[in-house]
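Q: Please take a close look at one part of this model. Say what it touches, how it is packed and how the rest of the assembly is arranged around it.

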2 protein chains.
Amino acid sequence: MPPARRSRTASPSPASGQTDLPALHLTRFLPYRLSVLANTVSHTLAKLYEKRFGITIPEWRIIAVLGGGETMSAGEIAQRTAMDKVQVSRAISRMLDSALILRESGDTDRRKALLTLTPKALAIYAEIVPMALTYEEEVTDALSIDERAQLDTLLSKLQARADQLAARPAPVSAQAEQAGG
Amino acid sequence: MPPARRSRTASPSPASGQTDLPALHLTRFLPYRLSVLANTVSHTLAKLYEKRFGITIPEWRIIAVLGGGETMSAGEIAQRTAMDKVQVSRAISRMLDSALILRESGDTDRRKALLTLTPKALAIYAEIVPMALTYEEEVTDALSIDERAQLDTLLSKLQARADQLAARPAPVSAQAEQAGG
DNA sequence: CCATTTTAGTTTCGTTTGAAACTGTTGCAA
DNA sequence: TTGCAACAGTTTCAAACGAAACTAAAATGG
């Protein structure tokens with residue numbers, strides 16, 4: 001039997017008499033750390049947006065991509081915001097109710113609705129963008145200039161890899177893995 | 001009027017005749033990037049856990065912290081997993097149903113329930129930890145050794161700062177900010 | 001052309017979530 | 001003691017979510 005791969009934190013075998021497994025400390029586990037950090041950040045921002053403008057994160061994202069005054073379809077918004085079409089559809093419906101968005105049916109293709117921000121939403125955009133950037137700067141103030149560049153690189157590489165792995169169809173079972181070498 | 005702070009991507013003023021605002025490109029906005037990355041990773045893992053063991057991420061986290069065979073209260077689990085007590089309570093209730101956890105009322109303090117994994121859950125732990133670590137390695141394989149160390153540092157610093165900012169009580173209004181300088 | 005498939009977006013249904021209210025228990029203080 | 005605040009955990013309720021089914025319009029192709 002090949003020696004078990006033993007990633008970091010070689011904690012001695014636990015109190016109970018189990019075989020020694022590779023230990024997993026949640027606080028050092030990348031998916032956990034990413035999740036907690038992203039949650040902390042998103043939650044803080046969400047409260048800010050909600051308190052000041054009464055909008056949610058999905059709504060903010062839509063405002064962000066339409067903020068230049070551009071017009072686009074729901075599908076295009078979904079792509080640009082990395083939200084799925086259901087989420088976008090619902091956010092748009094809320095925004096129609098609160099008069100943040102204008103929808104007109106496309107002329108050439110009547111399936112696609114052309115979406116534009118109303119002046120009210122553009123006003124929110126003008127106010128929210130500095131707020132968002134300020135928050136971002138406050139967070140990244142924890143880093144040196146070099147570190148910010150590193151962060152950019154790392155996030156890009158990780159996202160690319162994560163996308164790759166997510167696209168992988170059958171997440172090879174442990175058995176198959178073992179058998180296959 | 002003082003020159004507007006112009007963070008990166010000096011996109012020329014938009015087609016419409018608006019005053020030039022600092023532009024915000026979602027794909028370069030840290031909170032957005034973190035959120036998308038964490039989602040991609042979590043979602044991939046969640047599918048893995050669900051498919052193979054029928055457990056959710058909250059359940060996995062509880063298994064992770066109790067996996068050494070330790071016993072602790074729900075509150076302690078909440079702290080260690082960064083979940084709130086409601087989430088923990090619900091996960092535990094599911095795990096009781098599926099016989100993954102054992103609950104006995106504390107002797108000295110009958111409010112605190114002592115929670116321990118059942119052998120069934122320990123078996124899952126033994127199988128899931130290598131899977132989780134493998135996935136983590138597959139993701140971090142996108143990085144050099146140096147970069148992995150950087151990532152560790154960056155995540156720690158960002159989390160610390162994000163926690164600080166989240167704790168800040170009144171998120172200074174734009175007006176106040178402006179007035180104050 | 002008409003029938004079929006694909007695309008855009010919405011709706012539905014069951015589940016999950018988060019905040020706040022609630023239950024039961026302990027600690028503290030008059 | 002008893003009365004009250006703090007604590008541990010659960011429940012409730014309304015909003016949010018994801019997957020799958022659905023509607024409508026456009027593209028395909030016999």
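A: The model is predicted, so local features need pLDDT of at least 70 and side-chain atom pairs count only at pLDDT 80 or more, while totals for chains, interfaces and linings use all residues. Residues are numbered from 1 along each chain as its sequence is written, with chains lettered from A and ligands numbered from 1 in the order in which they are written.

Start with the DNA side. α4(B) gives the most to the surface near DNA strand D, with 6 residues. Helices here are DSSP runs (H or I, at least four residues; strands are E, at least two), numbered from the N terminus. A residue is near a strand if its C-beta atom, placed from the backbone, lies within 6 Å of it. Two or more residues each come from α4 (85-97) of chain A and from α3 (74-81) and α4 (85-97) of chain B. The surface holds 6 nonpolar, 6 polar and 8 charged residues. In this scheme Ala, Val, Leu, Ile, Met, Phe, Trp, Tyr, Cys and Pro are nonpolar, Asp, Glu, Lys and Arg are charged, and the others, Gly among them, are polar.

Next, the neighbour α3(B). The axes of α3(B) and α4(B) come within 9 Å and cross at roughly 115°. Axes are lines fitted to C-alpha atoms, for helices over the stretch in contact, and angles run from 0 to 180 degrees between N-to-C directions. The two helices therefore count as roughly perpendicular. The cut-offs are under 35 degrees for roughly parallel, over 145 for roughly antiparallel and 65 to 115 for roughly perpendicular, with the rest oblique. The crossing is right-handed. A crossing is right-handed if the near helix is turned clockwise from the far one by less than a right angle, and left-handed if anticlockwise. A74(B), G75(B), I77(B) and A78(B) of α3(B) meet K85(B), V88(B), S89(B) and I92(B) of α4(B). Residues are in contact if their C-beta atoms, placed from the backbone, lie within 7 Å. This contact has 5 nonpolar, 2 polar and 1 charged residues.

P58(B), E59(B) and I62(B) of α2(B) meet Q87(B), A91(B), I92(B), R94(B) and M95(B) of α4(B). By class there are 5 nonpolar, 1 polar and 2 charged residues.

Around DNA strand C lie 17 residues, of which S73(A), G75(A), S89(A), R111(A) and R110(B) come nearest. α3 and α4 of chain A and α4 of chain B each give two or more residues. The largest share, 5 residues, comes from α4(A). The classes are 6 nonpolar, 5 polar and 6 charged.

The chains themselves pair up. Chain A can be laid on chain B with an RMSD of 0.1 Å by a turn of 180° and a shift of 0.0 Å along the axis. The copies are thus related as by a two-fold rotation axis. Superposition is by least squares on the C-alpha atoms of residues with pLDDT of at least 70 in both copies. The contact between chains takes 61 residues from chain A and 62 residues from chain B. α1(A) gives the most to the chain A side, with 15 residues. That side divides into 38 nonpolar, 13 polar and 10 charged. Because 100% of the interface residues of chain A are also interface residues in chain B, the copies meet through the same surface.

Notes:
Two residues are in contact if their C-beta atoms, placed from the backbone, lie within 7 Å.
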